[in-house]
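This report examines a predicted model.

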Amino acid sequence: MLKAVLTGVATVGLFALAPVFYANQTLLFSAMMYLVLAQGINVLYGFTGYLPFGYVGFFGAGAYAGALSVLRLGLSPVLALVVGGVVAVLVGVVLVPLLRLSGAYFAIANLAAAQALYYVVSNPDLQALTNGPYGINLAVAYNATASYAAMVALLGLALATVVYLRHSRLGLALRAIREDRISAELAGINVVRERTIAWLLSALLAGLCGAAFAWYISVFYPETVFSLNVSIFAIVFALFGGAATLAGPIVGTLVLYGLYSAIGISQPEYFQLIFGLVIVGLVLFLPDGLASLSERAGFEVP
Amino acid sequence: MMRQKGLAGCVAIAALALIGLGPAAWAADAPAVLKLGTLYAGSGAFAVPSTSEHEGLKFWVDQVNAAGGTYVKALGRKVRLRLIAYNDRSSTTTAAPLYNQLITQDKVDILVSDFGSVLTSVAVPIAQTHKMLLFDPTGTGAALFSPDNPYVVLCSLPTSAIWPYALADFLKKFEPVRRVALLYATNDFTGSQAATLRERLRGSRVELVYDQGVATNTSNYAVLLHNVEAARPDAVIEFGYANNDIAFLQGLQASGLKFKMVFAIFPGQLFSLLRKNVSEAGLAYTYTYPTPPLLAYNKVNYGPGLEAFLREYRQKRGEDANFLTVAGYNTGLVIGKTLATADKLDQLALRRAVEQFSGKLFTLDGLFKVDRSGAQVGELLPVGQFLPSGNGVKMQVVFPFALATGKPVYPAP
């Protein structure tokens, strides 16, 4: 427990202080954003085994809900963050029946739901509500420093959530469900309730993260916040580090996103080849992520 | 303890990977060379237009450096340019940190955005925060411009909402057209054009008998074409990205349907691409917005005329330039004119310089004129029609009548 808390505090501290030493704040913000999303994936996939390919749907819903509550309702950006999270949870509630599916069926249905959300938001007939395909300009609330601080706080919340799940009865129940749903039920675990909690927690993190992203980036289009790349990156980062751990997604995001950025800048012509080889190597030799390597060597990963 | 050290090591290495992106040393007070930073999409959805546009900008930089640099009034001498370009792979979430990288790490003097509104959108607030003037070649979305942001200038296209002005006037004034069908992709670029057309046709003698938005990734127009045909329109206006236009025109050929008038955007912008995918026969009698090189601006007061540029580009690069190459090159010309006009090198001085020559600058891309928000309002797009010529097609401008080089062939045979 102490080790996990220390790891979380160190990570939050790293990002809180990093802008003092490194001026590309957007890069740091993006790294944090993916880290929060990777932990959101971790909450769902790591603890229950449901892999949400359409996770970006919650992110986009949060981004739009947050931005529109500033523009249409005149809320403060901080309150808008909360609205973003709440709307993502409401979307999660609507999509709860998807949890009846499993494996690839769940992943595909979840992806379809995210696409449906994208088409609803970008529908020109909803221009009065969402501004349709014409994008959002949130310049009126733009504040890079405050939105960066908000993302640091969200990172703390995401890490605290995972620490809690790692060391609570709820987390234990979820892991039991992941291993064998029927055995878990026989042991008295309320499978439907527990996995719904994990699903909504995961949606909440993505929604809050989307609203913070909207605040930070301030000008965006539906294709920006509903881009499938966001889901894929978060999933790959979580899996690369090792799901169901706190440190796995942290290491996965920092290493892979760092690599992604570094190669993309220094060797753009080799980027796809190198990044592709890293991913293939991961799938072939480390299917349980870097955390499994560490555990094989006798180090317990928090 | 060992385990904690191992983990801390991993985090430290990862952090170094982030930090190791390379803070570049730069002396702001000794501009032996001016750094011009931009992004391009080497892969992904925007790769084709983005790389063409980037090639145009690169060509301008090469040309300037070959001539010993660009004249910088604030320094009273010519200064060579260094182009720093990163590949954003058509991703906005990748583009945002890269724009920031250009400003904070590479400390560029001039910032140029990538192709189109989506990849430009993330640059606008970043440039504004860092008080950098953003030279935007082709990001035409209305959301990018606001009167209280002086740090953006649209260089090579008008904002998308004003593109269909001439088209709407043509439809209203061209007697045989009374029933119009509108089919458009639901994105900012084409959705705003559809809204403008709808607005400008309202209350006229022209009736909109079909008005349908489709997803931008639509690749099969078979059913939609028959729906359009059922509305018996005199003119069919299809607004889409290049992939939409190709799918639409291919579908039209395959369906065997004939409309009296068909309009699409990209035959006039990416003629080679459309010719390759639709064939010249498929483009014959199609209406479009002709842009350079289909529309030749040779009477210019800055930079080469269009024909001279096309000749030199072909000679040096061994290939033909398309409109987006011209747009990238034209952005370079606007930058060159800005540097030659500004008394100081600070970013607001550059913006004031743009206002000084706005409305007076004629380049190979036409009149450069921006409004208070930095949006381009000078280049109005005429309406042209491809007509069969020998084994291919040729472009003739049909509206505005004052610019027309021929009369529209209507109905299409």
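In which helix of chain A does Val43(A) lie?

## Val43 of chain A

Val43(A) lies in helix α2 of chain A. With a relative accessible area of 0%, Val43(A) is buried, because residues under 20% are classed in that way. Setting aside neighbours up to four places away in sequence, Val43(A) is in contact with Thr48(A), Thr161(A), Val162(A), Leu165(A), Ala198(A), Leu201(A), Ser202(A) and Leu205(A).

A further relation concerns Ala247(A), which stands 204 residues from Val43(A) in sequence. In space, the C-alpha atoms of Val43(A) and Ala247(A) are 13 Å apart.

## The interface of chains A and B

Contact between the two chains involves 51 residues of chain A and 47 residues of chain B. Together, chain A and chain B bury about 4100 Å², with 66% of this area on carbon and sulfur atoms.

Several elements of chain A each supply at least two residues of the side that touches chain B, including α1 (2–21), α2 (25–48), α10 (191–217) and β2 (219–220). The largest share of this side, 11 residues, is provided by α13(A). By class, the side of chain A that touches chain B comprises 33 nonpolar, 15 polar and three charged residues.

## The two domains of chain B

The domain assignment of chain B places residues 30–158 and 298–368 in domain 1, and residues 164–288 and 382–399 in domain 2. Taken over C-alpha atoms, the centres of domain 1 and domain 2 of chain B are separated by 30 Å.

Seven residues of domain 1 of chain B are in contact with four residues of domain 2 of chain B. These domains bury about 580 Å² between them, 66% of which is on carbon and sulfur atoms. The side of domain 1 of chain B that touches domain 2 of chain B consists of three nonpolar, four polar and no charged residues. Zero salt bridges are counted between the two domains of chain B, and one residue pair, both at pLDDT 80 or more, is in polar contact across their interface.

## Asn65 of chain B

Asn65(B) belongs to helix α2 (residues 47–66) of chain B and counts as buried at 14% relative accessibility. Apart from residues up to four places away in sequence, Asn65(B) touches Arg80(B) and Leu81(B). A polar atom of the Asn65(B) side chain lies 2.8 Å from the backbone nitrogen of Leu81(B).

## Backbone features of chain B

Two cis peptide bonds may be noted: the bond from Pro292(B) to Pro293(B), with omega near 10 degrees, and the bond joining Phe399(B) and Pro400(B), with omega about 0 degrees. Pro293(B) is found in the loop between β11 (287–288) and α12 (306–317) of chain B, and Pro400(B) in the segment after β15 (392–399) of chain B.

Positive phi values occur at two residues other than glycine: Ser90(B), at about 65 degrees, and Lys131(B), near 55 degrees. Ser90(B) lies in the loop between β3 (77–87) and α3 (92–105) of chain B and is buried, at 15% relative accessibility. Lys131(B), located in the loop between α5 (123–129) and β5 (134–136) of chain B, is exposed, with a relative accessible area of 52%.

Definitions and conventions:
Residues are numbered from 1 along each chain as its sequence is written. Chains are lettered from A and ligands numbered from 1 in the order in which they are written. This is a predicted model: local features need pLDDT of at least 70, side-chain atom pairs count only at pLDDT 80 or more; totals for chains, interfaces and linings use all residues. Side-chain values use heavy atoms; hydrogens and water are left out. Domain bounds come from an automatic or database domain assignment. Contact means heavy atoms within 4.5 Å. Buried area is the accessible area (1.4 Å probe) that two parts lose on being put together, summed over both. A salt bridge is a side-chain nitrogen of Lys or Arg within 4 Å of a carboxyl oxygen of Asp or Glu. A polar contact is a pair of N or O atoms within 3.5 Å; within protein, one must be able to donate a hydrogen and the other to accept it, and residues adjacent in sequence count only if both atoms are side-chain atoms. Ala, Val, Leu, Ile, Met, Phe, Trp, Tyr, Cys and Pro count as nonpolar, Asp, Glu, Lys and Arg as charged, and the others, Gly among them, as polar. Helices (H or I, at least four residues) and strands (E, at least two) are DSSP runs, numbered from the N terminus. Buried means under 20% relative accessible area, exposed over 50%, partly exposed in between (1.4 Å probe, protein chains only).
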